[in-house]
2 protein chains.
Amino acid sequence: MLNIDMIQAARERIASRIHRTPVVTSRQFNEAAGKEVFFKCENLQRAGAFKIRGATNKILSLTDEEKRRGIVAFSSGNHAQAVALAGREAGVRALIAMPTDAPQAKVAATREYGAEVVFYDRQKQDREAFALDLAEREGLVMVPPYDDEYILAGQGTCGLELLEDVPDLDCVLAPCSGGGLFAGVATAARAANPSIRCYPVEPADGDDTLQSLRKGERVTIPPPATIADGLRVQIPGRLTFPLTQKLADDVLTVSDDEIIETLRFLLFRMKLLVETSGATAAAAVMSGKLPTDVKRVGVILSGGNIDPGLLVKLL
Amino acid sequence: MLNIDMIQAARERIASRIHRTPVVTSRQFNEAAGKEVFFKCENLQRAGAFKIRGATNKILSLTDEEKRRGIVAFSSGNHAQAVALAGREAGVRALIAMPTDAPQAKVAATREYGAEVVFYDRQKQDREAFALDLAEREGLVMVPPYDDEYILAGQGTCGLELLEDVPDLDCVLAPCSGGGLFAGVATAARAANPSIRCYPVEPADGDDTLQSLRKGERVTIPPPATIADGLRVQIPGRLTFPLTQKLADDVLTVSDDEIIETLRFLLFRMKLLVETSGATAAAAVMSGKLPTDVKRVGVILSGGNIDPGLLVKLL
């Protein structure tokens with residue numbers, strides 16, 4: 001099971017290949033939210049999201065034989081770009097399975113990073129089965145988006161850095177899709193401060209983790225329509241779910257309107273471009289979802305790869 | 001004349017009231033520009049621009065009697081917001097003279113910060129005379145946008161921080177309007193590294209500093225139409241011009257198209273919202289205006305306060 005030593009090892013492995021992203025504050029946000037908030041800017045990370053951390057850690061941990069075979073990943077976006085970039089830098093062939101309705105900017109960026117893109121139909125095909133089939137046919141190594149301890153350890157480095165910069169936080173919030181970012185960040189945060197509260201944040205319309213925690217087992221929900229296109233998974237990960245059960249103090253949910261309002265605030269007040277999925281944790285703070293006794297809050301702004309067309313529509 | 005001791009003193013005075021803004025890098029930008037570029041993110045500064053540095057330094061240096069009388073400033077935008085915010089925090093009444101065509105976002109922000117706004121016609125009235133008249137009638141202390149050593153020393157703290165974070169730069173670039181940011185940054189940079197090259201950057205359509213340096217005296221140009229609304233001054237400052245003569249290795253100019261292209265790159269690739277004026281120094285690097293022997297480049301991203309309507313138009 002994921003532990004702090006694996007996250008420390010990941011940090012050693014990837015440090016020279018990623019940005020140590022800044023932590024920023026905004027008195028305007030603090031006034032609006034009634035909290036003291038510290039934003040970990042993974043939207044300023046390489047390839048525009050935290051995903052490069054896990055992908056780099058995984059690829060650098062492959063054997064030489066595995067590297068020669070090449071890698072495959074399935075992703076609605078940021079994981080794809082991360083695997084493509086980390087693969088190119090490690091000299092490893094990368095194939096990416098993406099849904100036909102993935103944002104154009106993400107498809108283009110994935111190709112720019114040198115990966116081959118293969119499309120599947122999100123409504124009809126199971127992406128994991130599709131990618132596993134690809135892996136088998138072409139002899140590739142799967143780089144999963146979250147259900148892999150090297151991936152989780154890589155994402156955890158983001159929490160490690162945040163707690164180093166701001167040790168005395170009452171809680172930390174991370175957007176939650178498959179749960180990899182949350183599991184990594186919460187593991188690192190608890191190791192630094194055993195009493196810190198940890199909250200995954202989901203779109204209200206894509207609350208598979210909330211439903212699963214309530215039921216005590218992994219629940220599958222219908223394909224969510226949320227504007228947070230990076231958080232449209234239908235079921236928590238196999239590896240991540242027990243970690244979420246162990247680490248989450250509660251699951252917070254936000255509406256599309258709350259996400260959009262926060263995205264605009266982050267852009268026009270704080271000058272940070274954050275994608276819809278990346279703004280969910282901030283949206284939970286802004287819309288008052290935290291307990292009142294929580295004062296000092298760490299928020300992961302997890303990514304900034306928004307489609308220009310969608311951005312114009314939201315503004 | 002402005003010197004490094006005044007900038008050091010300013011830093012002591014204002015440190016607790018401003019952000020130490022991050023310096024970020026982007027391999028994508030480096031590849032596109034063929035340089036190694038370090039961006040000082042003053043768009044992430046309080047009130048959205050470097051201007052809070054000078055305004056805070058000036059206001060904290062007033063006598064108690066001056067503070068009781070109140071302050072007045074003229075500005076097309078960022079200086080106004082900075083004076084309004086610094087004034088409110090120091091408990092000083094602030095009156096701001098703004099052009100009738102100032103971006104709505106900047107007028108609204110200035111009022112939100114608690115200042116009173118008085119409008120003048122940019123085509124018909126001289127803003128400095130208008131503000132001086134206001135100051136006299138109401139007994140207020142003028143907080144000029146650049147022709148004041150406390151203001152210049154405050155802006156210089158931005159260069160001080162950049163050179164502390166990245167000491168081995170070949171050159172530093174700053175957007176140039178009245179010349180206050182450039183004079184401050186170049187003074188700090190030269191003190192840290194006597195051989196560093198310093199470049200003010202102007203819109204091609206608002207090149208009063210370039211023309212003035214060529215002629216050896218301050219030249220007045222017609223009201224510029226450049227999209228860089230913060231750089232529409234018609235003549236370099238009285239105090240700043242001799243500093244620019246002493247410190248500028250050359251003046252670089254950029255077109256509106258080069259500014260817009262760079263603004264889009266900064267937003268979509270680097271996830272930073274930078275206003276048109278604030279992107280000019282980056283635009284000069286991106287569009288190849290630097291000598292080829294310059295490798296390590298410091299760029300001030302001076303502000304991020306763009307009108308939402310203008311942003312949507314540019315996207």
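**A note on the domain interface and the chain pair**

1. In chain A, 33 residues of domain 1 are in contact with 25 residues of domain 2, contact meaning heavy atoms within 4.5 Å. The domain assignment, automatic or from a database, gives domain 1 as 4-49 + 149-314 and domain 2 as 52-142.

2. A word on the basis: this is a predicted model, where local features need pLDDT of at least 70 and side-chain atom pairs count only at pLDDT 80 or more, while totals for chains, interfaces and linings use all residues. Residues are numbered from 1 along each chain as its sequence is written, chains are lettered from A in the order in which they are written, and side-chain values use heavy atoms, with hydrogens and water left out.

3. Between them, domain 1 and domain 2 of chain A bury about 2,300 Å², with 51% of it on carbon and sulfur atoms; this is the accessible area (1.4 Å probe) lost on putting the two parts together, summed over both. Of the area that domain 1 buries here, 25% comes from Arg17(A), Ala47(A) and Tyr150(A), more than from any other three residues.

4. Four salt bridges cross this interface of chain A (a side-chain nitrogen of Lys or Arg within 4 Å of a carboxyl oxygen of Asp or Glu). Separately, Arg46(A) and Glu89(A) meet through their side chains in a salt bridge of 2.7 Å, N to O.
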